Every structure is written in structure tokens, then in C-alpha cells.
Amino acid sequence: MKTIFSGIQPSGTLTLGNYLGAMKHFVDLQNENNCYFCIVDQHAITVPQDRMELRKNIRSLAALYLAVGIDPEKSTLFIQSEVPAHAQLGWIMQCVSYIGELERMTQFKDKSEGKEAVSASLLTYPPLMAADILLYKTDIVPVGEDQKQHLELTRDLAERFNKKYNDIFTIPEVKIPKVGARIMSLTDPEKKMSKSNPNPKSFISMLDDEKQIVKKIKSAVTDSENEVRYDKENKPGVSNLLTIYSLCSGLTIEELEQKYAGKGYGDFKADTAEAVVSILAPIQKRYNELLESEELDEALDYGAEKAGRTARKMLEKAERAMGLGRKRR
């Protein structure tokens, strides 16, 4: 049995891209693997957050995890800040990191560009992410392409620590889903669908209602050809909608191309919207049942306790390897 770790920031409602590219796969992964699903709220505060909004988002994300089918009896679902070992090992990982390699991280460059005051945590985000993963002897980390560089650094830090101190960390593998890993923006299909995009028409939130979903997909960028055909380079907008439709319906892209041969974009977009609504509606129903329930708190309490036991053991190993603290006689 492999150990899998994944962390998602509570910085706004997840998008359809987050679901199709990650969370949908998590439900299958938990059946044959030892899975840790972490709400990484300490990563969220690398940029300013409203405290009430952050707490709301943490709870909302936890409810979504359970609503999509994550089973707290099969998986460990927990909030990062409720397991202190994450921040503690994060400091140790900073101590084996080099400023140069952290400054080369693409996300640091993007988020710090043009800003006069940049949080130090924005620079040291990757060592904390490494700690998140390494605490659980993680074998596999399912991530999108945008996190691949951070995972490569995690592997480097683990190998560096093992070589310098003691061989205690498992070197994780990166797993990028071949299909659906990058659902693109509805308004600019050259960019990834993102909840941080200021244009709400660019993404479908997992909590959007039917009317909002239909409106957004109807206004999605396509092209002037009026031909439903997968061609990522020349027809990025249509190709993105085909990917969404395929993943929501279970039909292959080839089957969809045949289905809409000779038909225009109107029918295609209407049916794509219907497929999206059909997959999100039961998730939203379950989410609303969970949001203020004791069931959600019980799952998070159980997850924090379970994760904490495992994380403390690894933290203690790392501290002993570095010579921290006292040696008990």
C-alpha cells in the first residue's frame, strides 16, 4: 500500500478544474492507498487573509472534501495548523534549503514581481510544503503541472537531509494525471482555470448554481469555425470544453466529436453545461448537509489526532538526527 499526500489551500471555493484535475481522483485513490488530505491553511497566510473569511473557507473546503466522497475512515482529512509538527519540520526544512534555490521558484517570482514588500513566508513556502509531504513517509504526491517544481525541490531537500544527517525521509514521486490535470480558463483557454482569477466568468466554482454554470459555459471562448473538434493548438477553447464534457459525462472525446459532427456550438455548449450541472448537483447537496454539522467537526478532530500521531514520530526522528533537544537517559 502506497502513502499519498495532497494539500489544498483554503483561499476561496474550489473550481471545476480542482475537482476534475484532483479531487475526483482522490476518491478512487483512497480505496487502495493510505491517503492524507490536508487543508493547508498555513500556506494560505503567505499572502494577507481576512481571518473570518479564512475560517469560513477552511470549513467550506473540509465539507467539499467529504461531499465529493472522501471517507474519513479510509483517508486522513485534517487542517494543517491543527498538527504543529508541520510548522516545526518546516523550520528544519528551511535550515537545509538555500536562498538561491528558493528565489528560483516560479511561483515566488510571479507573486513577488513588482511588489515593494514581500512576505518572507512567500520565499519559504516550498520548505513548509516539503515538510507537509515528508512527515508522512509519502510515496506519491498527485499535483498539477504548476506544482511540479516545488515537488522537485522537496525531493532535493529530502535527499540532502538524508545524506547529511540520517536516512529517514522517503523520497516522494510526483504523479500528474494524464487527463484533466489542467482544466483551462473559460475566457482565456491558454491559462489554467483558477479561483484567483478576478473575472468570475473564467472559472466554474464547485458551488455555482445551474443558472451560473449555464451562463458561464454559454459565454466561454471558442472560435469562428463552429466545428466541434479537439485541436489544443488551433482550437484551445473548444478543446477545453471537450475535456470538461468528457470528464463529466464519461464519454470519450472521440465519441463527443462524432456526436456533434455537423452541429454548431450552441447545442454543444448547452449539453456541456448539463453534464457539469449533473456532476456538481449531488456534491452541492451533500456539502450543504455537512457544512454546519457535527459530522464535519468529528471527521476533522479524528483526522488531526491521527495525522498528529504519525507526524510527531517523524518530527522526533528529524530532531534526533540533527541533534536537537536533549537525549533522554
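**Salt bridges and helices: a chat**

Biologist: Where do R309 and E305 lie?

Modeller: Both R309 and E305 sit in helix 14, 4 residues apart, which is about one turn of the helix. Bear in mind that this is a predicted model.

Biologist: Nice. Is R309 buried or partly exposed?

Modeller: R309 counts as partly exposed, with a relative accessibility of 40%.

Biologist: What else is in helix 14?

Modeller: E298 is found there; helix 14 covers residues 294–322. E298 also belongs to a negative surface patch, together with E82, E294 and D301.

Biologist: Back to salt bridges. How many are there?

Modeller: The count comes to 14 salt bridges, taking a Lys or Arg side-chain nitrogen within 4 Å of an Asp or Glu carboxyl oxygen. One of them pairs R160 with E101, with the closest N and O atoms 2.8 Å apart.

Biologist: Which residue does R286 meet in a salt bridge?

Modeller: That would be E295, with 2.8 Å from N to O. R286 is partly exposed, with a relative accessible area of 28%, and E295 is partly exposed as well, at 41%.

Biologist: Which residues are linked in a network of salt bridges?

Modeller: D223, E225, E227, R229, D231 and K235 are linked in one.

Biologist: New topic: helix 11. How many of its residues are buried?

Modeller: Helix 11 is mostly covered, with 13 of its 14 residues buried.

Biologist: What span should helix 11 have, and what does the model give?

Modeller: At 1.5 Å a residue, helix 11 (residues 236–249) should span 20 Å. Its end C-alpha atoms are 20 Å apart, which agrees.

Biologist: And what comes just after helix 11?

Modeller: G250 does, and G250 takes a positive phi of about 85 degrees.

Conventions
Residues numbered from 1 in each chain as written. Predicted model: local features only at pLDDT ≥ 70, side-chain atom pairs only at ≥ 80, totals over all residues. Heavy atoms only, no water. Patch = residues over 30% accessible without salt bridge, like charges linked within 9 Å, V, L, I, M, F, W, Y side chains within 5 Å. Areas by Shrake-Rupley, 256 points an atom, 1.4 Å probe, with all protein chains shown as cover. Lys, Arg positive; Asp, Glu negative; His and termini not counted. Charge placed at Lys NZ, Arg CZ, Asp CG, Glu CD. Helix = DSSP H or I, 4+ residues; strand = E, 2+ residues; numbered from the N terminus. Expected span 1.5 Å × (residues − 1). Buried < 20%, exposed > 50% of the residue type's maximum accessible area, 1.4 Å probe, protein only.
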